[in-house]
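The entries follow the order in which I looked things up.

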Amino acid sequence: MSKILYITEKVMTLEEKRAWIRLVVAVAAYGGYVVVVLGRAAGRPLAEAPYAAALLWSVGAAIVAAIVAEVVAGAVNPKASRAKDVRDREIGRLGDHVGQSFVTIGAVAAMLMAVAGWDRFWIANVIYLCFALSAVLGNVTKVIVYRGSFPQW
Amino acid sequence: MVKPTRVTNRIRALRFAHDEMTQAELAERIGVTRQTVIAIEQGRYSPSLEIAFQIAHVFKVPLEEVFHYPGSQEETT
């Protein structure tokens, strides 16, 4: 078969793999945290549930898991391209731009909740929720653009 | 508003005409990943002017022989 015909083969750049890894890790880490905290509440008001250790472990584990997964992804297929070009950078900027809005929403919400005297549980959790949403939406955007076409405005 | 690009290209035909140059070879010569060449070729990504000129230089043809924008021919004649 002619070598010119492998035009539609779906192969991923390292940056696309990273977007997938960070998306899966963000969903798994936040999902795990929610399950643990809901389990610890055990019928009590949610704000009384011990959450701090679970939150810190969740964030720490997510960081370590993403690093390990990226190293493994690189080691599994060492011949895969590690190059990062202008398209990768543009997609990265677009994804970060989409995700950034949720970091801002989380910060403003936490500030207003602190001013209004909300319990620390809710302040910490709204910040973590917005971090998780930022990571999920930012990486979903990157994956969609990698798989589809770059948006033109 | 998000809309699809109207830029079309003849990169696949030009690769074929240049000794069946592979996407990987073209990508290496213009300094991008093969995935970016695939995206450009399929019209899923509009390259920068610099990359567009680099592609034209690889095939040793003017830019207009690689990329085409609807209406550009009518406007120049």
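Entry 1
I began with helix H1 and helix H2 (residues 52–76) of chain A, which pack at an angle of about 155 degrees with their axes 9 Å apart. The model is a predicted one. Angles over 145 degrees count as roughly antiparallel, and H1(A) and H2(A) are therefore roughly antiparallel to each other. I noted the handedness of this crossing as right-handed.

I then listed the residues in contact. From H1(A) the contact draws on Leu14(A), Lys17(A), Arg18(A), Ile21(A), Arg22(A), Val25(A), Ala26(A), Ala29(A), Gly32(A), Tyr33(A), Val36(A) and Val37(A). The H2(A) side includes Ala54(A), Leu55(A), Ser58(A), Ala61(A), Ala62(A), Ala65(A), Ala66(A) and Ala69(A), and also Glu70(A), Ala73(A) and Gly74(A). Sorted by class, the contact of H1(A) with H2(A) holds 16 nonpolar, 3 polar and 4 charged residues. As a general point on spacing, an α-helix has 3.6 residues a turn, so residues three or four places apart point the same way.

How do the axes of H1(A) and H4(A) cross, and at roughly what angle? I found that the axes of H1 (residues 14–41) and H4 (residues 120–147) of chain A come within 9 Å and cross at roughly 150 degrees. That makes H1(A) roughly antiparallel to H4(A). The crossing of H1(A) and H4(A) is left-handed, whereas that of H1(A) and H2(A) is right-handed.

On the H1(A) side I recorded Glu16(A), Ala19(A), Trp20(A), Arg22(A), Leu23(A), Ala26(A), Val27(A) and Tyr30(A). They meet Ala132(A), Ala135(A), Val136(A), Asn139(A), Val140(A), Lys142(A), Val143(A) and Tyr146(A) of H4(A). I counted the classes in the contact of H1(A) with H4(A) as 12 nonpolar, 1 polar and 3 charged. Arg22(A) and Ala26(A) are listed in the contact with H4(A) and also in the contact with H2(A).

Entry 1: helix H3 of chain A.
I checked the length of H3 (residues 86–115) of chain A. At 1.5 Å a residue, its 30 residues should span 44 Å, and the end C-alpha atoms lie 43 Å apart, which agrees.

Which residues of H3(A) are buried? I found Arg87(A), Asp88(A), Ile91(A), Gly95(A), Gly99(A) and Gly106(A). What covers the buried residues of H3(A) includes H1 and H4 of chain A and, from chain B, helix H3 (34–41). After H3(A) comes Gly117(A), with a positive phi near 75 degrees.

Entry 2: Ser134(A).
I next looked at Ser134(A), which is found in helix H4 of chain A. Is Ser134(A) buried or exposed? Ser134(A) has 21 other C-beta atoms within 10 Å and is therefore buried, as 20 or more are required. Leaving aside neighbours within four places in sequence, I recorded contacts of Ser134(A) with Gly99(A), Gln100(A), Phe102(A) and Val103(A). Of these, Gly99(A) is one of the buried residues of H3(A). Ser134(A) and Val98(A) are 36 residues apart in sequence, and their C-alpha atoms are 7.6 Å apart in space.

Entry 3: chain A as a whole.
I recorded 4 helices and 0 strands in chain A, with the order α-α-α-α from the N terminus on. Buried residues make up 20% of its 153 residues. Among contacts in chain A between residues at least 6 apart in sequence, 81% join residues at least 24 apart.

Entry 4: chain B.
Chain B has 5 helices and 2 strands, and along its sequence the pattern is β-α-α-α-α-β-α. Of its 77 residues, 26% are buried. For contacts in chain B with a separation of 6 or more, residues 24 or more positions apart account for 53%.

I then looked up positive phi values in residues other than glycine. Asp19(B) has phi near 60 degrees and lies in the loop between H1 (11–17) and H2 (23–30) of chain B. Lys60(B) has phi near 55 degrees and lies in the loop between H4 (49–59) and strand E2 (67–68) of chain B.

Technical notes:
Residues are numbered from 1 along each chain as its sequence is written. Chains are lettered from A and ligands numbered from 1 in the order in which they are written. This is a predicted model: local features need pLDDT of at least 70, side-chain atom pairs count only at pLDDT 80 or more; totals for chains, interfaces and linings use all residues. Axes are lines fitted to C-alpha atoms, for helices over the stretch in contact, and angles run from 0 to 180 degrees between N-to-C directions. Angles under 35 degrees count as roughly parallel, over 145 as roughly antiparallel, 65 to 115 as roughly perpendicular and the rest as oblique. A crossing is left-handed if the near helix is turned anticlockwise from the far one by less than a right angle, and right-handed if clockwise. Two residues are in contact if their C-beta atoms, placed from the backbone, lie within 7 Å. Ala, Val, Leu, Ile, Met, Phe, Trp, Tyr, Cys and Pro count as nonpolar, Asp, Glu, Lys and Arg as charged, and the others, Gly among them, as polar. The expected span of a helix is 1.5 Å times one less than its number of residues. A residue is buried if 20 or more other C-beta atoms lie within 10 Å of its own, exposed if 12 or fewer, and partly exposed in between; C-beta atoms are placed from the backbone.
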